[in-house]
Amino acid sequence: MVRYAIREKDAIPFLSKELCEKILSDLEQGKRPVLKATKCSLDNCIYSPTVGYLTPGSKKTLTELNVASVKKMARAIFMLEIILRNVKSGGVNTKRELYYVCKGLLKQNKDLKPLDFEDQVESDSVIDFICEILECYREELNCYANDRGGQTYSKQLVVVEKLTDGTEATIDLSQLGTSPFMPKNRPQNLVLKVKKKVEFCLVVESEGTANTLVANGFTHRTPSIVVGAQGVPSNAVRGWVKRIQDQLNIPIFFFGDLDAYTIQNIYRTLKAGSASSLIRNADFSAPDVKFLGVLPQDIQKYDLFAYDVRESDVVEKRSLKKARDALENDPFFHSRRNKGLVNILEWLIEKKQRCEQQAFFSVDAGNPRAFERIILEKIEAGSYV
Amino acid sequence: MTEKNKITSSSTAEYFAKNLQQVGFSSPMKAVLTTLKEALDNSLDACEEHKILPDIQIYVRRIGKGNLKNTDRILIGVEDNGPGLSVEHTPMVFGEYLASSKFGRGRCTRGQQGIGISAATTWAVQTSATGARVLTKQKGQRLALSCVVAIDYKKNKGLMQEKEMVAWEKPHGTRVEFVIDGRVQLNGEAGLLAYLRGNVLLNPHLSLTYELPDMEKVHIPRVSEEAPQIPDATPPHPHTMKLGEFISHARLFGSKKLMDWLCKEFSRMTPDVVEEIRKSVKLPAVILTKPVSALKDDQLQILYQAIQDAPLKPPSTQSVMAIGEDALSISIQRLGDIDYFSVVSRKPSICDFKPIQVEVAIARLSTKEGSAEEPVQVLRFANRVPLQFDKSSCAIVKAITSVLWRAYGLKQSKGSLPVGPYIMAVSVVSPFIKFKNASKETIDASDELVLEIRKALMKGGQELSKHLNRESKAKDLEAKKAHIEQFGPALVESLCRILAAPASRKKLAEEGIQKILGRDDRAAQRALDHAEEKLSEHMEKQKKRLVQFSEEDHQLELDESRKEEE
């Protein structure tokens, strides 16, 4: 039942009923139902440069019905019933809301009271379990997370959104004034068009820096799309950048800090997805994105302010340790295609230095367009990985 | 040093009168406990020495306000059915320091040096200006001796006052009363009840009646009719002696031939071993036939050093006495409502070159409120005397905390005492226990001793785990049954609603799920059966031992009555 890219509208109800039918008929025959799911962890990741993102290996997790798992299964099927109702009606909920919906329904039925959740952690894990066994992502179950990041600015981009009632909405980003366009958690139903040729898309790690670029007139002067990532990219940002890559076929650059966390968590997730989302990386990664900076050579070239990694800072120290682990265990960094990124990680481990993206503002500090000039200069000179 | 700083000598009594804190009188609370302890230890030792089953009455009463700040005037009385004391010995026992019938004899008696009871008299004299009031009668005497014993500190002598001969209905025995300033603490590890409870556990042959403040009178009958046999001391092992001791020992046996002295007055020395030792230091063969007095100190020193280098057998373990698993099994049940228990009596062994025997009793009390998360109660004993102070540095506590009790089903944080409603009683018996201080409150934690105690505790833990294992399997089965009942129908219900399945399918699926989960249920039942089987085998063995023990008791009773009839 491996279906990584579910597109059909009725796929979730179909797969759910298929699953329930299998469990029920096993029970009728006195057989133990066994639920199979793809193992989503680093030890089950495969990275092929031709595919471009992390895909699952052959490892599966099996959940067999027994005394220990009967509670988990009963809760999952109960939650599935609520989710199917949402999918059918087009209703959506956050995980928190689903937690309370469940509690409300369980309160009304004495027989189901044992299924009640102590806290949201329990109900969240049940939703994740459903995603694993149906091999889908939770947005397909109409369970959305808060939208975060992805604020997009462009004078050329037009977005056509297919609404659930069948109608379409057209959003011309040049008409939004200073407001950005925000992609939703399921950007697959967006169609992108351009009014004029767009040269590139720039994804900036810091939302604030993206906003500064735009406020200073970057998108006026350069036909481009500027996206603010706001830290580790959310599903919305990942799906949105993937959409830009697939539909507009333009170069995409990522610009962020020079540190292990940015390379290994933020950039790797945007480019190739993550181990925990193996089954949805196909729709939520943009393999063509390039790392524009900050590069180690930029520090010398632009005489940037760099800082030593503080051994006393737990987060920074852990980040370096994770970088070492990534070089050892992450198949993404084992690929020769990503040798440039490996070199950066090795440089970071060796030098124990970090440089922030905003350090470029120290170059020609009085000139508000200096930063824009450097970005364009780097793109033109091919100074990226 | 000038003539102004004149050097004077003090008597032992004067020393202890100024340093009573060294022998357990460091606070009013400890004074009450130590006084009672010294009197009771003496009574028990006297009874055992004369093979009398002890029948002891204790009373502790508040009789007024104490002279010391924040104290009460306390009357402590201990009455036994022991052999009684002669007129000559009475002031020595209660009023003379280091007057003892047990000093240096190398036997497993409670008292050793003859300090404790004289210290109690000193405390009584110091705080309430009265000595020990004694009433004692020996077998065959018509009247009992009644007197007050005080102390002449300068001469370290007991002073007998108010002496008179009085009628006493007891055929023999001793009653001693002290009036002291003190404070009574009944509960807690340092309380009187813990002390009495410890004595009750380790002395199954003791019949005890006690009357404590704010409590009803309590009588605990004996559960064993057999008085413990205190093994005779064995000759000293030469490796346990220092050079000075060795030479002094030699001077006591002046006319004895060297060979005879070495072979008869020391353990583990045989003619072959002595010959080997002589050859190793190239002493002439004739020396062995000479009297010991003919040897000079330097010759004795050469001999001593050669003996120390010789690979002798370890000391004999015959001088240690044990309570025994059977007696402990019966005795532990006197401690309260007990669910189950395990007892372990290790074979005597050698620790730090001293014979020693360790016994352990672990009992789970029927759950008391709030005790589930509290550390276990530890009862420590040295030569059957409860130890109640300075717990943390004691070898027994170190051994308990070194065991991983979680492996046996008890809760425990690493390096701490386990928690739960358990009593862990550990008894160390040896003619030469290494105490950390003169008041004998804690046993020195040498690695060898801690290891020996640890082994006994681990065996006890293994036995206890059989009970705990059965309990956990029973809980497991119960939980599984409840789980199946709760979640099985809910799963089928949701599945049928999603699929809009007819009632017939629902019924079939419900039967199916019961069948599937019933297998798990049966597996849990089998695990429980297995645990129960193991436990009943263990209980059967234990019961057999107890029956055998009771039969022996019964036989003894028959023999006794037959003798009386004859």
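Modeller: In this predicted model, helix α1 (residues 11-28) of chain A meets helix α12 (residues 447-499) of chain B: their axes come within 10 Å and cross at roughly 130°. Axes are lines fitted to C-alpha atoms, for helices over the stretch in contact, and angles run from 0 to 180 degrees between N-to-C directions. Helices are DSSP runs of H or I, at least four residues, and strands are runs of E, at least two, numbered from the N terminus. That angle makes α1(A) oblique to α12(B). Under 35 degrees is roughly parallel, over 145 roughly antiparallel, 65 to 115 roughly perpendicular, and the rest oblique.

The crossing is left-handed: the near helix is turned anticlockwise from the far one by less than a right angle. α1(A) contributes Lys17(A), Cys20(A), Glu21(A), Ile23(A), Leu24(A) and Leu27(A) to the contact, meaning heavy atoms within 4.5 Å. From α12(B) come Val492(B), Leu495(B), Cys496(B), Ile498(B) and Leu499(B). The contact residues include nine nonpolar, no polar and two charged. Ala, Val, Leu, Ile, Met, Phe, Trp, Tyr, Cys and Pro count as nonpolar, Asp, Glu, Lys and Arg as charged, and the others, Gly among them, as polar.

Chain B also has an open sheet of eight strands, in the order β5-β4-β3-β6-β2-β1-β7-β8, with mixed pairing; strands pair if DSSP finds at least two bridges between them.

On conventions, residues are numbered from 1 along each chain as its sequence is written, and chains are lettered from A and ligands numbered from 1 in the order written. Local features need pLDDT of at least 70, side-chain atom pairs count only at pLDDT 80 or more, and totals for chains, interfaces and linings use all residues, while side-chain values use heavy atoms, leaving out hydrogens and water.
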